[in-house]
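Dear colleague,

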Amino acid sequence: MMERAWQTVLERYGQTVELGRGEERHTVKAFFQPVEEKRPGAEPTPLGVAPRGKYLYLGPAEETLEGVEVLRWKGRAFVPLRQREMELGDRMVYRWGLFAER
């Protein structure tokens, strides 16, 4: 049930991003937002203060981030720094990733 609710939220409110693995490209709906962090050199965003160029990805469980070399969003390119599978109990609910603008 939680997975279905998450999919509905992604479809309704998520941004369209393109995940690139070599020549392969795949478009998904995900939340992709500046990382909130308070420190010098950060810039204000609708979600708080963010360091320039770092973005949080929350995406569908069925789309792995393994092997992703580039994420494209609004004509900009981002490279993965870290990624994790996020679980609720024994079920994977979504994918978490941290990306840096190239």
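**Salt bridges in the model**

Glu18 is partly exposed, with a relative accessible area of 25%, where buried means under 20% relative accessible area, exposed over 50%, and partly exposed in between (1.4 Å probe, protein chains only). Please keep in mind that this is a predicted model, in which local features need pLDDT of at least 70, side-chain atom pairs count only at pLDDT 80 or more, and totals for chains, interfaces and linings use all residues. Residues are numbered from 1 along each chain as its sequence is written, and side-chain values use heavy atoms, with hydrogens and water left out.

Searching the whole structure gives five salt bridges, each being a side-chain nitrogen of Lys or Arg within 4 Å of a carboxyl oxygen of Asp or Glu. One of them joins Glu18 to Arg25, at 3.6 Å from N to O, and Arg25 is likewise partly exposed, at 40% relative accessible area.

Arg95 and Glu85 form another salt bridge, with their closest N and O atoms 3.1 Å apart. This pair links distant parts of the chain, ten residues apart, since Arg95 lies in strand E8 (residues 91-101) and Glu85 in strand E7 (residues 76-88), strands being DSSP runs of at least two residues, numbered from the N terminus. Arg95 is buried at 7%, whereas Glu85 is partly exposed at 45%.

Salt bridges with shared partners also join Arg21, Glu24 and Glu63 into one network.

Best regards

Terms used
Helices (H or I, at least four residues) and strands (E, at least two) are DSSP runs, numbered from the N terminus.
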